[in-house]
Amino acid sequence: MKNREALRREFDEIDAEIIALLERRLQVSGEMGELKRQLDLTIYDPSRESQVLEHLKIHLKDQRLLPLIKRIYTCIFEASKEVQKKSKEV
């Protein structure tokens, strides 16, 4: 069994990976916002959000976590839409 410090170090490593991936995702969101403006498309695309959630469900190993993952992704979707609305590129 790992001790508390070892688990905290593991959390820190995971958090660093998550931050890097979220930053990358938001940068791509900025690019998507620019493309949507050029193509005169709306920012909100509920069918795409549904597709993403279905994709997550397929890849999630522990389906008991699905409600929590959906809550997290709801926040990610909101942040992505905000970036798409506000910036030319993040």
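The sections below take the overall fold, then the helix contact, then the pocket.

## Basis

This is a predicted model, in which local features need pLDDT of at least 70 and side-chain atom pairs count only at pLDDT 80 or more, while totals for chains, interfaces and linings use all residues. Residues are numbered from 1 along each chain as its sequence is written, and side-chain values use heavy atoms, with hydrogens and water left out.

## Overall fold

The chain has 3 helices and 0 strands (DSSP runs numbered from the N terminus; helices are H or I of at least four residues, strands E of at least two). From the N terminus the order is α-α-α.

The C-alpha atoms fill a box of roughly 55 × 25 × 15 Å along the principal axes. The radius of gyration of the chain is 16 Å, whereas a compact globule of 90 residues would have one near 12 Å (taken over C-alpha atoms; the globule rule is 2.2 Å times the number of residues to the power 0.38).

## Contact of H2 with H3

H2 (residues 46-59) and H3 (residues 66-86) have axes that come within 11 Å and cross at roughly 145° (lines fitted to C-alpha atoms over the stretch in contact; angles run from 0 to 180 degrees between N-to-C directions). The contact (heavy atoms within 4.5 Å) involves Glu49, Val52, Leu53, Leu56 and Lys57 of H2, and Leu66, Ile69, Lys70, Tyr73, Phe77 and Lys81 of H3. By class there are 7 nonpolar, no polar and 4 charged residues (Ala, Val, Leu, Ile, Met, Phe, Trp, Tyr, Cys and Pro are nonpolar; Asp, Glu, Lys and Arg charged; the others, Gly among them, polar).

## Largest pocket

The largest pocket is lined by 29 residues (a pocket is an open set of points on a 1 Å grid over the protein atoms alone, where a 1.4 Å probe fits, with protein on both sides within 12 Å along at least five of seven lines; lining residues have an atom within 4 Å of a point). Nearest its centre lie Arg25, Val52, Tyr73, Ile76 and Phe77. H1 (4-38), H2 and H3 each supply at least two lining residues, and H1 gives the most, with 11. The lining divides into 16 nonpolar, 5 polar and 8 charged residues.
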